[in-house]
Amino acid sequence: MKKLKVSTDSDSGPRLQGVNQYLEKNFPDFFAEARFQVGDDDYFLYARFGQYLARTIEQNRASREKINRGFTVLNKMARVSARHPRIRQMLVSGPLEYIVDAPKARALARKRLSPVAQGYMESLCE
């Protein structure tokens, strides 16, 4: 019997390198803490990032600039995911799920996410 692989880290690592670099540059504290807690697993890194971004928006804890950079991370990820289904799955089942579950974050995402990312998000709302 074949074992299902939950993490997509080894399948997506090189493809997400640019997104990881942007995330590390713009959210150094978050990135360091998340890498410490989840290691090199990109699936859990981005799930935690979605949770972090949604919570930050809901609690009004960050500047507009910082929130826009957070959406830039998701837009970059959506751009890469157009060619890589595993990254698309990671985006939808990770960060976008947290955004959809937070009313303020979902409303802001409708304005800030790229059309591709919005399409993924809307598929979760159906």
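Modeller: Asn20 lies in helix H2, residues 17–26. Helices here are DSSP runs of H or I with at least four residues, strands are runs of E with at least two, and both are numbered from the N terminus. This is a predicted model, where local features need pLDDT of at least 70, side-chain atom pairs count only at pLDDT 80 or more, and totals for chains, interfaces and linings use all residues. Residues are numbered from 1 along each chain as its sequence is written, and side-chain values use heavy atoms, leaving out hydrogens and water.

Colleague: Why does Asn20 count as buried?

Modeller: Because its relative accessibility is 11%. Buried means under 20% relative accessible area, exposed means over 50%, and partly exposed is in between, using a 1.4 Å probe and protein chains only.

Colleague: Which side chain does the side chain of Asn20 make a polar contact with?

Modeller: That of Tyr46, at 2.4 Å. A polar contact is a pair of N or O atoms within 3.5 Å; within protein, one must be able to donate a hydrogen and the other to accept it, and residues adjacent in sequence count only if both atoms are side-chain atoms.

Colleague: What else does Asn20 touch?

Modeller: Leaving aside residues up to four places away in sequence, Asn20 touches Phe31, Arg35, Asp42, Leu45 and Tyr46. Contact means heavy atoms within 4.5 Å.

Colleague: And Asn26, where is that?

Modeller: In helix H2. Asn26 counts as buried because its relative accessibility is 11%. A polar atom of its side chain lies 3.0 Å from the backbone oxygen of Tyr22. Asn26 also touches Lys66 and Arg69, if we skip residues up to four places away in sequence.

Colleague: New topic. How do H4 and H5 pack?

Modeller: Helix H4 (residues 42–58) and helix H5 (residues 64–81) pack at an angle of about 150°, and their axes are 11 Å apart. H4 and H5 are therefore roughly antiparallel, a label for angles over 145 degrees; under 35 is roughly parallel, 65 to 115 roughly perpendicular, and the rest oblique.

Colleague: Which residues make that contact?

Modeller: From H4, Tyr46, Phe49, Tyr52, Leu53 and Ile57. From H5, Lys66, Ile67, Gly70, Phe71, Val73, Leu74 and Met77.

Colleague: Now the whole chain. How many helices and strands?

Modeller: 9 helices and 0 strands. Buried residues make up 42% of the 126 residues.

Colleague: How much of the contacts comes from residues 24 or more positions apart?

Modeller: 61% of the contacts with a separation of 6 or more.

Technical notes
Axes are lines fitted to C-alpha atoms, for helices over the stretch in contact, and angles run from 0 to 180 degrees between N-to-C directions.
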